[in-house]
Amino acid sequence: MWTAVVNCLLRSKVYQDCPRVSLLIQKSRNIITRSSPLQYSAGVVQAAQPFNMNARIQKVEALDANHFVCIHWEDGGKSLYPSVWLRDNCQCPDCFLHSAKARKLPLEDLDVEIGVKDITLTDRKKVYIIWPNEHTSEFEAEWLKKRCFSEQARAKMREELFVPEHEYWGSDLQFPEMSFEDVLSSDESAYTWLSTLKKVGIVMLTGAATRQGELVKLGKRIGFLRLTFYGPTWQVQDKMDANNVAYTTGKLNFHTDYPVLQHPPGVQFLHCIKQTTAGGESEVVDGFHVSRKLKQQNPQAFQILSSTLVDFTDVGVDYCDFSMQSKQKIIQINDRGEMDRINYNNATRDTVFDISAEKVQPFYAALKEFVNLLNSTEHKVTYKMKPGDIVTFDNWRVLHGRGSYQSEKEIARHLEGAYADWDVIMSRLRCLRKTVLNKN
């Protein structure tokens, strides 16, 4: 019977649904107009609180032999909190190190069957709990409401912490563009850049100097760059005895970088220092959008690419000598059934293929259909970078390629590249959000 009570309370509408506002990308200056956690209007960043912070409590009570605490809010909603969770998250100095925002209470000391001994409400803003061993805990109403276990509250928390929404696009994409110098100097601009990068998957920064080292500045803006076997940054130009197909003048087909790593870089930066007059156009395609199309038109092909482990290899010498191997699914699905990453680089796909022989041809057929969709004019975007442009894109989602160009006596085309991890990007995004919200 109690399970039914719990489910009923957890389904209660504690928070109102946030309005859904579509992403608007303007060619001259791209502004996000979604509801959380910021709204952008006419180039001005405006705060938009992700939670209803009018957290006043009407009453509080213990339920189910004191194993749950039920809070009745003044707005008519209810929130249910397990007593074991409240004890585990006691905010007193003995249980929580506030300077590090870290729990001190060892799990070994936690009674998983604990119930509250007494519970009182103070000024409609604080809940005061006495535990069976006389330990006391005090919780702010706002803190509790933000951590409500209702489906709506948990969805809002996921949105605030992880910015999970994606804006899918095809050949009709109008490139989000921002000033490189603005991103370096303005927190609001940096926040717009990173939040757009997370949702759209690609942003062009313009006006950087045409010399090496500008990506190091970008790395410092977010925290730090990702070091790989090709160095902290790397030079994309025609090279003798190239140790990577990118270091030639030939066409590069759509690919993601570094699927040979168990954890490929999440974001890639490419800075155009010199551009050839003929050829060398860049291409991008939204791999998540194309994967959704594949799933619609050929579910079996999608199933094969999202379940078959493919071998990748890369052996050579650059920053140091290396010999890398990995097994990756072309379309990687997470535990929630959502697309998490595209792992595809035909150049580094190994000759070793660790599957049974009868599965090989169906795999090739599925991959060929996926690649044909990637190359469809309906899906891909072609553009040519200008010196001073820095394209920043989601390497787990956006596949990129390049047209061929003629080799010359002097270097005809020079791009500097660098990687960053999504952990670093998201950390900076959360820090910037807090800064921007506090300014407002």
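How are helices α6 and α7 oriented to each other? In this predicted model, α6 and α7 are roughly perpendicular to each other, because the angle between them is about 95 degrees and angles from 65 to 115 degrees count as roughly perpendicular. The chain contains 11 helices and 24 strands. Of its 440 residues, 52% count as buried. Among the contacts with a separation of 6 or more, 73% are between residues 24 or more positions apart.

**Helix packing**

- Two packed helices are described by the angle between their axes and the distance between the axes.
- Helix α6 spans residues 187-200 and helix α7 spans residues 214-222, and their axes lie 12 Å apart.
- On the α6 side, the residues that meet α7 are Asp 187, Ala 190, Trp 193 and Leu 194. Their counterparts in α7 are Leu 218, Arg 221 and Ile 222.
- Helix α8 (residues 287-297) packs with helix α10 at an angle of about 125 degrees, and the two axes are 10 Å apart. This angle makes α8 oblique to α10.
- The crossing in which α8 passes α10 is right-handed.
- Helix α8 contributes Gly 287, Val 290, Ser 291, Leu 294 and Gln 297 to the contact, while α10 contributes Glu 369, Phe 370, Leu 373 and Leu 374.

**Nonpolar cores**

- The largest nonpolar core has 53 residues. Those that touch the most other members are Ile 202, Leu 305, Ile 330, Ile 331, Phe 370 and Val 391.
- Helix α10 (residues 360-374) gives the most to this core, namely seven residues.
- Another core, of 29 residues, lies apart from this one, and its members include Val 203, Leu 225, Met 426 and Leu 432.
- Leaving aside residues up to four places away in sequence, Ile 331 touches Ser 291, Leu 294, Phe 302, Leu 305, Ser 306, Met 339, Arg 341, Ile 342 and Phe 370.

**The sheet β3-β4-β5**

- Strands of a sheet pair through backbone hydrogen bonds, either parallel or antiparallel.
- Three strands form an open sheet in the order β3-β4-β5, with antiparallel pairing. The edge strands are β3 and β5 (78-82), each of which pairs on one side only.
- On average, neighbouring strands of this sheet are turned by 20 degrees against each other, with direction ignored.
- Six bridges join β3 (residues 57-63) to β4 (residues 68-73). Val 60 stands opposite Ile 71 of β4, and Leu 63 has Phe 68 of β4 as its bridge partner.
- The hairpin of β3 and β4 has four residues between the strands, and Asp 64 in this hairpin takes a positive phi near 55 degrees.
- Five bridges join β4 to β5, and Cys 70 stands opposite Leu 80 in β5.
- Strands β4 and β5 also form a hairpin with four residues between them, and Gly 76 in its turn has a positive phi of about 100 degrees.

- Another open sheet of three strands has the order β8-β9-β10, and its pairing is antiparallel.
- Strands β8 (118-122) and β10 (136-140) are the edge strands, each pairing on one side only.
- The twist from one strand to the next averages 20 degrees.
- Strand β9 (residues 126-130) pairs with β10 over five bridges.

**A buried proline in a loop**

- Pro 264 is placed in the loop between β14 (252-255) and β15 (267-274).
- Pro 264 counts as buried because its relative accessible area is 2%, and the cut-off for buried is under 20%.
- Pro 264 and Asn 343 are 79 residues apart in sequence, and their C-alpha atoms are 8.5 Å apart in space.
- Beyond residues up to four places away in sequence, Pro 264 touches Arg 226, Asp 257, Tyr 258, Pro 259, Gln 328, Arg 341, Asn 343, Trp 396 and Asp 421.

Methods:
Residues numbered from 1 in each chain as written. Predicted model: local features only at pLDDT ≥ 70, side-chain atom pairs only at ≥ 80, totals over all residues. Heavy atoms only, no water. Core = buried A, V, L, I, M, F, W, Y, C linked by side-chain atoms within 4.5 Å. Buried < 20%, exposed > 50% of the residue type's maximum accessible area, 1.4 Å probe, protein only. Helix = DSSP H or I, 4+ residues; strand = E, 2+ residues; numbered from the N terminus. Contact = heavy atoms within 4.5 Å. Pairing = 2+ DSSP bridges. Axes fitted to C-alpha atoms, helices over the stretch in contact; angles between N-to-C directions. Parallel < 35°, antiparallel > 145°, perpendicular 65-115°, else oblique. Left-handed = near helix turned anticlockwise from the far one by under 90°.
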